[in-house]
Amino acid sequence: MALFVFFLSAAVGGGGVVALRERPKPAAAIGLLATAACLLAAVAMPEVASLDVGSTTLHADPYIRLFLVAAALALLVSQVVGLAHGWQRELPLATLGALGLVGVALTVGTPAAAMLAVAAAGTFVVIASLERAISMPAVRAAASGFRLAVVAGFMGLVAMAITGEDPIFVSPDVLAGATLLMAAAVAIRVGAIPVHAPVARLIERARTAALPLLAAWVPAAFAVVALGWTSTIVALGTTTPIVVVIMAFGVLTIAVASAVVLIDDDLVRWLGYGVIADGGFVLLALAGDSAAAISSGLAWLVCFALARSIMACVVLGFQGAFDARRTRELEGWLRRTPLLGVALLAALVVAFGLPGTLSWQVRLDLAQGALGAPLGLALVAIALLPLVPVARLGWTGIRPLGDVVAAGGSERFVLPARTVATTDASPTATQQEIVATPPEPTPTLVEPASEPPIGGSAMGSAPDAPGAPGAGSDTLWGAADEQPATEATTLSSSGRAARAARKASQPTIVSQAGSDATSLPDEDAASPVPGSTPRGPSRRASALVGMRRAGTAASASAGPLRHALRDLPAIWALDRTLLASLATLVLALVGLAFATDLVGLGAAAGLGAASTPAP
Amino acid sequence: MNPISIAASAVVLLGLGITLRSTNGRLIVAGVALTLLALPLAAGGSPEPLVLAFRTVALLMAVFLLDHAIRRTTVLLGPTRLGGTAELGLVAAAFILGALLGASIPDPRIPAIPLGAAVALAAAAGSLLAFGTDTLRIAAGAMLLIAAGTAIVPALGGEIDPAIQLAFAVAELTTAVAAAWLMLTGAAVRHDLELADRPRDLRDAR
């Protein structure tokens with residue numbers, strides 16, 4: 001039943017998102033609800049679940065259940081963080097489609113059908129890769145990702161076709177060829193060196209909110225299917241010398257990708273090369289030629305995808321709060337966003353592990369299984385090189401605030417009622433100005449909402465210095481659509497110099513009373529057209545005004561807690577940095593539970609068992 | 001040899017020929033549709049009627065999506081880097097090699113013509129993916145490559161069960177959705193389906 005609900009939620013949610021594609025807010029809400037429903041269905045799933053579809057039976061075991069729980073949660077959190085910090089309209093559809101296809105791939109009993117489903121997931125998620133500001137290099141990167149997903153799927157299918165359903169009758173040479181083909185497919189999918197370029201380009205060009213989907217969960221599902229097929233080969237007990245070649249590429253990938261991140265302070269590239277380095281461990285699992293190696297690989301895949309999802313959310317948090325993705329730009333970030341620091345620390349534990357944790361142990365087992373005890377330990381030590389840039393990032397975080405961070409948002413919680421209490425409730429407070437961005441002064445445009453403006457334009461009257469109440473950069477997603485009858489929206493040139501110089505194309509809404517500054521997510525950053533119906537920025541500015549007026553009237557007779565409960569939607573609007581950080585932190589804590597084996601991931605993957613379960 | 005399989009293989013090759021030789025987007029989509037619809041018969045064995053119906057509907061929806069994307073952009077395409085004639089020769093050679101390979105294997109479970117058709121499909125798809133410079137040919141190559149991977153399973157003696165047929169149909173449909181989105185998104189940048197950068201506008205050159 002739970003398996004049915006899982007697929008139903010993905011299908012109905014995907015259909016709803018498609019049907020409401022022209023209305024981003026309802027579509028985003030449906031996407032979030034459907035992903036949450038998938039998560040609940042996966043959590044409620046019994047240890048062993050099955051679903052009959054015609055003559056085919058879909059079957060879920062404890063490992064698949066944990067994989068689906070972790071994937072659904074990570075993708076839900078990435079949607080929430082993406083919604084707060086840089087929305088990608090296609091992300092809900094891609095997420096739900098991928099969840100459904102990955103669910104089919106992991107539960108269907110036929111290996112070829114599983115490979116087809118996971119290849120389809122790989123092609124489908126490409127729709128979430130591009131940003132709103134599209135360029136031909138980005139389109140080419142997406143096309144390249146599309147190509148590699150199909151090619152990897154084809155190679156996996158051919159490997160399965162070569163061995164057939166009874167690989168016991170196949171000669172060792174043919175088995176070696178099929179194993180090499182499958183390893184090549186996995187290498188292409190996870191971006192192992194030397195075929196890393198398409199994955200690296202895709203990660204660099206893609207929207208950060210889509211990275212958990214594009215670079216972590218779908219490749220991980222592909223690797224699970226490949227490891228499931230490999231377990232049937234391993235069960236034959238036929239060792240082929242070709243595993244040495246696969247092992248060599250795995251070691252090369254780990255060493256080179258871990259070393260490359262030392263010379264770059266771009267956090268997205270750090271994330272991308274981390275994904276590639278982690279792919280090396282998957283190759284080691286394929287080359288391990290033992291049930292223990294496959295079990296370790298299965299456990300590692302969940303840890304890997306969770307860790308990279310958390311890191312992607314942290315990087316997205318940096319981008320959203322400070323509009324920065326380079327270490328040198330983030331001076332003092334830890335003072336403004338300490339929760340992101342905690343989440344990053346947890347992500348490191350999930351990704352690299354501590355001695356005694358599951359993630360450390362499986363990495364060590366894979367490396368030592370491939371290279372022996374001393375060399376394996378050395379390889380794990382080399383794989384810790386990405387911690388050096390993180391240490392640099394941490395050191396940058398505790399330094400005094402830099403210009404970029406000072407001009408950005410923070411995780412400080414500001415109750416809407418308190419914000420309202422400082423707002424002038426006189427009729428002039430209904431006038432809003434949208435501060436267009438320097439560097440060049442722009443002429444003032446007046447956008448009449450429904451009636452001509454009352455009073456003059458308010459040029460540059462925005463005392464939103466860092467540290468002032470409400471100086472954080474907030475969005476109005478989810479705010480009420482109520483709108484005052486008389487209102488004007490003014491486009492003028494003012495704002496914070498450092499942030500405005502960086503966000504040249506994103507307008508900022510500032511109330512005339514100067515108590516709040518509100519930047520818009522990318523999806524809503526379209527410039528208002530004079531004389532048009534108020535949409536996007538002006539609607540949200542109007543909603544903020546209405547919310548403040550209501551809050552001001554009520555603040556005289558009610559306490560802050562009551563305001564907070566009543567203005568829950570507004571809390572989302574005003575504290576998106578905090579809420580995104582909290583969501584990332586929740587994911588990080590769940591990741592820690594997986595990495596420390598509190599949820600029984602090791603046993604579910606077959607660690608310590610006599611035989612490996614074949615997903 | 002099964003005459004139906006031979007006739008269907010001829011239709012598959014005809015569809016591949018149309019796909020590779022044409023520079024009209026809608027003809028390319030028609031060639032892909034012809035190939036994919038004839039493939040179950042060429043691959044040997046006929047699926048259950050319900051499964052066949054599901055597969056056919058999914059494929060028709062997939063090619064409709066591609067056709068829709070073309071109608072919203074442009075039907076005119078440039079030639080591939082290798083050239084349609086050379087690609088057609090490559091595919092014909094692949095078909096012959098595959099058929100000869102199948103005929104040379106004594107195992108009766110490996111039929112010659114379906115193996116030839118599967119190898120020809122893979123060659124055509126690989127050619128489109130490697131030498132195509134526009135999103136439509138990449139989409140066609142992706143759909144044909146998935147079909148080739150599925151066709152190779154029975155061609156090497158495996159069994160195509162309904163799960164594979166359904167997964168194939170879903171894979172083709174989702175690939176077409178992603179490809180159509182890629183075509184429309186790319187066309188929003190440079191108003192055609194090519195992937196190259198826009199030619200430089202020398203009027204702004206200093």
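Predicted model: local features only at pLDDT ≥ 70, side-chain atom pairs only at ≥ 80, totals over all residues.
Let me begin with a pair of helices in chain A: H7(A) and helix H11 (residues 267–287) pack at an angle of about 170°, with their axes 9 Å apart. Axes here are lines fitted to C-alpha atoms, for helices over the stretch in contact, and angles run from 0 to 180 degrees between N-to-C directions. Helices (H or I, at least four residues) and strands (E, at least two) are DSSP runs, numbered from the N terminus. Residues are numbered from 1 along each chain as its sequence is written, and chains are lettered from A and ligands numbered from 1 in the order in which they are written.

Back to the pair: H7(A) and H11(A) are therefore roughly antiparallel to each other, a label for angles over 145 degrees, with under 35 called roughly parallel, 65 to 115 roughly perpendicular and the rest oblique. Ala183(A), Val186(A), Ala187(A) and Val190(A) on the H7(A) side meet Gly279(A), Val282(A), Leu283(A) and Leu286(A) of H11(A), where contact requires C-beta atoms, placed from the backbone, to lie within 7 Å. By class, this contact has seven nonpolar, one polar and no charged residues; Ala, Val, Leu, Ile, Met, Phe, Trp, Tyr, Cys and Pro count as nonpolar, Asp, Glu, Lys and Arg as charged, and the others, Gly among them, as polar.

Also in H7 of chain A, which covers residues 172–190, is Leu175(A). Is Leu175(A) buried or exposed? Leu175(A) is buried, because 21 other C-beta atoms lie within 10 Å, and the cut-offs are 20 or more for buried, 12 or fewer for exposed, and partly exposed in between, with C-beta atoms placed from the backbone.

A second pair in chain A is H12 (residues 291–322) and H24 (residues 576–595), whose axes come within 10 Å and cross at roughly 165°. H12(A) and H24(A) are therefore also roughly antiparallel to each other, but H12(A) passes H24(A) in a left-handed crossing. By class, their contact has 13 nonpolar, seven polar and no charged residues. For chain A as a whole, the secondary structure comes to 25 helices and eight strands, and buried residues make up 61% of its 615 residues.

Turning to where the chains meet, 37 residues of chain B are in contact with 37 residues of chain A. The largest share of the chain B side, 18 residues, comes from H7(B), and by class that side has 23 nonpolar, nine polar and five charged residues. H7(B) itself, residues 162–190, has 29 residues and reaches 42 Å from its first C-alpha to its last, close to the 42 Å expected at 1.5 Å a residue, the expected span being 1.5 Å times one less than the number of residues. Since 25 of its 29 residues are buried, H7(B) is largely enclosed by the rest of the structure. H7(B) is followed by His191(B), whose phi is positive, near 65°.

Technical notes: Left-handed = near helix turned anticlockwise from the far one by under 90°. Contact = placed C-beta atoms within 7 Å.
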